[in-house]
Amino acid sequence: MAEQQVLVTGACGEIGQALVQELSKRGGYRIVTSDYMPLPDSIKALSAEHVQGDLLYKIKNFYDCDFDFIFHLAASLSSKAEVATEDAHRINVEGTMQLLMLAAYRSEKYKKSVKFLFPSSIAAYGMPDLDSKRKAGLVKEEEWDNPHTMYGCNKLYCEKLGMYYSKFYGQKHLDEQPPHMLDFRAVRFPGLISAYTLPSGGTSDYGPEMLHAAAQGKDYACFVRADTKISFMAMPDAIKSLLMLMDAPRGKLSRTVYNLAAFAITAEDFRQRALKAFPNAKVTFQPNPRRQGIVDSWPEDVDDSRARADWGWMPDYDVDKFFDEYFLPEIRKRYGK
Ligand code: AKB
């Protein structure tokens, strides 16, 4: 069978590296990557072609490519986006729009729905205050969607752009809808934690940063309060969710954007777990008001029942399995502790 063509943007990021490795393990794909950085050794041999540079200037490289799937992961994350807002808008919104236009055009012209997978985020939510956050319980996709950050606004708007290009682009009468519109699918990820890579520029970064520091015997000053709570997920589950959504038959999907959750814990829970595994670790709390404000605006946990019902989503790792069967064994190998 001919290989299917996949584009992964932001391939050098944490999700990108893990996704390229998993797609390559599955086999049957010609993987084209793009990023402003050169590919790291972990995935260099797995990419058939790497387009390096600013996506907005490089998009023309993809005009003649016949992609079956696009994973658009390139983004400026929440903390970085808050200090370089216009640049974040350009990367997060204009980059996404150019790629959506390209995929929509190719879907219609070649009568083949390009599947466009988009990682949105819990940053699409905006809890007005801590009291509302604590009382909100499991937040559904359509609730509290007034983001407080540039990144959150960008993600929420790109979800809407994806719906526009997949449902309404061309403004044909419903009876005349061409059968081959772009097939846009999005997940709202919680904070992600990998045992192999570290995030940069995000605000949920305190979780993985603390654990990696503790495993290396380095002191860590956590930039949020001890009681700060949001949901997190193991990187293998994040990759599993993207591949499950990629494979899900269109007819099973009742919506375009799905919440995902795995385990919601506090920064103090992270500290306790880190100290239990690495008793010499030293973790203190030195909240940064700006970054604290960002995490306080994100819900404590989200309701992912629609993803479970529509496409069988179920994380492999709850909090205990995350530490005992994934993170600690892998991190001990990595840092030799
Ligand atoms: C960030 O912290 O910006 C990201 C996210 C939650 O989307 N990890």
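Which helix gives the most to the lining of the second largest cavity? Helix 6 (residues 130-135) does, with 3 residues, and the views below set that helix among its neighbours. This is a predicted model, in which local features need pLDDT of at least 70, side-chain atom pairs count only at pLDDT 80 or more, and totals for chains, interfaces and linings use all residues. Residues are numbered from 1 along each chain as its sequence is written, and side-chain values use heavy atoms, with hydrogens and water left out.

View 1. Helices (H or I, at least four residues) and strands (E, at least two) are DSSP runs, numbered from the N terminus, and two strands pair if DSSP finds at least two bridges between them. Strand 7 (residues 183-189) runs parallel to strand 11 and is joined to it by 3 bridges, with Ala186 standing opposite Val257 of strand 11.

**View 2. The largest cavity, with a volume of about 50 Å³.** The structure holds 2 cavities of 30 Å³ or more. On a 1 Å grid over the protein atoms alone, a cavity is a set of points where a 1.4 Å probe fits but cannot get out, a pocket is an open set with protein on both sides within 12 Å along at least five of seven lines, and lining residues have an atom within 4 Å of a point. Grid points are joined across faces, edges and corners, and a volume is the space filled by probe spheres set on the points. Among the residues lining the largest cavity are His72, Asn92, Phe118, Tyr151 and Lys155. Helix 5 and helix 7 each supply at least two residues of this lining, and helix 7 gives the most, with 3 residues. By class, the lining has 4 nonpolar, 4 polar and 1 charged residues; Ala, Val, Leu, Ile, Met, Phe, Trp, Tyr, Cys and Pro count as nonpolar, Asp, Glu, Lys and Arg as charged, and the others, Gly among them, as polar.

**View 3. The second largest cavity, with a volume of about 40 Å³.** Here is helix 6 again, giving the most to the lining with 3 residues. Leu130, Lys133, Arg134, Arg225, Asp227, Thr228, Lys229, Asp296 and Glu300 line this cavity. They divide into 1 nonpolar, 1 polar and 7 charged.

**View 4. The largest pocket, with a volume of about 1,100 Å³.** Its lining counts 48 residues, of which Gly13, Leu73, Ala75, Leu77 and Ser200 lie nearest the centre. Helix 1 (14-26) provides the largest share, 4 residues. The lining divides into 21 nonpolar, 20 polar and 7 charged residues.

**View 5. The second largest pocket, holding about 280 Å³ of space.** It is lined by 15 residues, and Ala18, Gln21, Glu22, Tyr196 and Pro236 are the closest to its centre. Helix 1 gives the most to this lining, with 6 residues, while helix 1 and helix 9 (235-247) each supply at least two.

View 6. Strand 8 and strand 10 (residues 229-234) run parallel and are joined by 3 bridges; Gly191 has Phe232 of strand 10 as its bridge partner.
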